[in-house]
Amino acid sequence: MHIVHVGMEYDVLRENNRIANSNYRLLKEKGVRAIEFMGSIGSGKTSLIIKLAERARGKGLRAFAIAGDVTGDDDQRRMRESGLEAVNCNTGRECHLDASLVRKSLEAVDLDGYDLVFIENVGNLVCPADFPLGAEYRVVVISTTEGDDMVRKHHDIFLHSDIAILNKMDVAGAVGVDPGVIADDYGRLTGGLKAMYMCSTRTEEGIDEILSALEL
């Protein structure tokens, strides 16, 4: 007789993946494209989502967002003030969104009225990597203000994402960061199979390239 020990962590991840697959199927059935954004606090995820949503609306796409945070509704309010409808999703003590929380947020919205949902994960470069949510694209956002060692320090988040974005290019010189170092690290980590896009939400540099990469 073989005794198999299944840890609680495995069970949690397996159940999350089951719900994530269900979210993916639901969104596909409704014709809603979902894009998840991961990244540190202050990397510029909210500002980037707002810029992308503005461009998407200009192309006739109906978009809403799920604003994930441990507590508070600051990001949701910023999104709504920009004209982007948003659902607030607080995790309590958890350092990441999970597929179940996203499912509840999706159920609070009439998906038939939308073409696109932006999912903003909690500001963290560790926990979100292991918890897919059912999105079509997983995007990781870092900024030049975080230093040039982000890729070297956080392999998993970059390996578990489809696209990487280096934000705040307009201040790279001021903070003494060489974006080329970050891009080279990313290229080595991913074997050159994934692209890193450089942008500034302040100047809107690179926004069009990101829209194209996300097929928007």
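The lining of the largest pocket draws at least two residues from each of H2, strand E2 (63–69), helix H3 (74–81) and E4; helices (H or I, at least four residues) and strands (E, at least two) are DSSP runs numbered from the N terminus. A pocket is an open set of points, on a 1 Å grid over the protein atoms alone, where a 1.4 Å probe fits, with protein on both sides within 12 Å along at least five of seven lines, and lining residues have an atom within 4 Å of a point. E4 provides the largest share of this lining, four residues. Of the 16 lining residues, Gly42, Lys45, Thr46, Asp75 and Glu120 are the closest to the centre of the pocket.

The model is predicted: local features need pLDDT of at least 70 and side-chain atom pairs count only at pLDDT 80 or more, whereas totals for chains, interfaces and linings use all residues. Residues are numbered from 1 along each chain as its sequence is written, and side-chain values use heavy atoms, with hydrogens and water left out.

E4 also belongs to an open sheet of seven strands, ordered E3-E2-E4-E1-E5-E6-E7 with parallel pairing (two strands pair if DSSP finds at least two bridges between them). Strand E3 (85–90) and strand E7 (196–198) form the edges, each pairing on one side only. Six bridges join strand E1 (residues 33–39) to strand E4 (residues 116–123) in the parallel sense, and Ala34 stands opposite Val117 in E4.

Helix H2 (residues 45–58) packs on this sheet and touches E1, E4, strand E5 (137–143) and strand E6 (163–167), where contact means heavy atoms within 4.5 Å.

Conventions
Axes fitted to C-alpha atoms, helices over the stretch in contact; angles between N-to-C directions.
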